[in-house]
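I would ask you to look at the sequence and the structure together as I go through them.

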Amino acid sequence: MNMAAKILHTEHLSIGYTAKKGKTVIASGLNLNLQEGKLVTLIGANGIGKSTLLRTVTGIQKPLEGNVYLNGKKVTDYHLPELAQNLSIVLTEKLPPSNLTVFELVALGRQPYTNWMGSLAENDIVKIQEAMSLTQITHLAEKKHYEISDGQLQKVLVARALAQDTPLIILDEPTTHLDLVHKVTLFKLLKRLSHETKKCILFSTHDVDLAIQLSDEMIVMTSEKVIQNQPCNLISDGTLNELFKDDSIHFDPEKGKFIIH
């Protein structure tokens, strides 16, 4: 494996929760690798622990055991401003009420770099315009964020992460509230961005069929294991058939999709 291309990796990572009664381990022994220029999807049944994994690799939640390394440094050793220059996160939460325009919303991605007054330098504006151009939302610049569709807003949030100019972008279920056309559009956009910008993009999704078709790699979480591999290998080794514990759903390797009985 090309070490120079490795952006984030985990070593013997164990994720879960610590409470008064003890530890609740969701998954353990995780050795994941995220490389530049790759679109990686995280899939698994509801409640399996995808958000916990994302929170742990982004430093929001501490690991139970093991370590997460971002550009060779433990995520837990980063100060917040430095972390924000190496990692950007797009969550599914609703935006707070505001009158921000699309341009102003994307500009928030430059906060890790602006001075204490938050004023934009020429370089910041260039980065914002580049991000809007890459996501094809330049024509929406003056629109208020509440005047655009859910699909357009998702692109705006991706543009904000691009403007933050980090080697790694992590998104938590960005396609949840989108119809099929907008889901496909966003998937294709993320794939194009990862390849064009050489950034690594990791996102969790329930759209398994799309993930199989468009991901460079997938991380599959089941109750027994967590496996990272290319979609074709996950099909051939039967991993995808273990995704749902339900006899009425099975993965058909010939058709490359899930079949409902």
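Leaving aside neighbours within four places in sequence, Lys73 is in contact with Val68, Tyr78 and Glu82, where contact means heavy atoms within 4.5 Å. With Glu82 there is a polar contact between the two side chains, at 3.0 Å. A polar contact is a pair of N or O atoms within 3.5 Å; within protein, one must be able to donate a hydrogen and the other to accept it, and residues adjacent in sequence count only if both atoms are side-chain atoms. Lys73 lies in strand β6, residues 73-74; helices (H or I, at least four residues) and strands (E, at least two) are DSSP runs, numbered from the N terminus. With a relative accessibility of 28%, Lys73 counts as partly exposed. On this scale, buried means under 20% relative accessible area, exposed over 50%, and partly exposed in between, with a 1.4 Å probe and protein chains only.

A word on the basis of these values. This is a predicted model, in which local features need pLDDT of at least 70 and side-chain atom pairs count only at pLDDT 80 or more, while totals for chains, interfaces and linings use all residues. Residues are numbered from 1 along each chain as its sequence is written, and side-chain values use heavy atoms, with hydrogens and water left out.

I turn now to helix α5. How far apart are the end C-alpha atoms of α5? They are 20 Å apart, which agrees with the 20 Å that its 14 residues, 150-163, should span at 1.5 Å a residue; the expected span is 1.5 Å times one less than the number of residues. Eleven of those 14 residues are buried, so α5 is largely enclosed by the rest of the structure. The cover over its buried residues includes β7 (87-90), α3 (102-107), α4 (122-134), β8 (168-172) and α6 (180-197). After α5 comes Asp165, with a positive phi near 55°.

The largest nonpolar core has 45 residues, and Val106 and Leu240 have the most contacts inside it. The largest share of this core, eight residues, comes from α5. A nonpolar core is a set of buried Ala, Val, Leu, Ile, Met, Phe, Trp, Tyr and Cys residues joined through side-chain atoms within 4.5 Å. A second, separate core of 27 residues includes Ala27, Leu42, Cys200 and Leu202.

How many disulfides does a search of the whole structure find? It finds zero, a disulfide being a pair of cysteine sulfur atoms within 2.5 Å. The closest cysteine sulfur to that of Cys200 is in Cys232, 18 Å away, too far for a bond. Cys200 is buried, at 0% relative accessible area, whereas Cys232 counts as partly exposed, at 46%.

Finally, the salt bridges. The whole structure holds eight of them, each a side-chain nitrogen of Lys or Arg within 4 Å of a carboxyl oxygen of Asp or Glu. One joins Lys183 to Asp207, with the closest N and O atoms 3.2 Å apart. Lys183 lies in helix α6 and Asp207 in the loop between β9 (200-204) and α7 (208-214), so this pair ties together parts that are 24 residues apart in sequence. Another salt bridge, at 3.4 Å from N to O, pairs Arg192 with Glu196; both residues lie in α6, four residues apart, about one turn of the helix. Asp165, already mentioned, is linked with Lys127 and Lys199 in a network of salt bridges.
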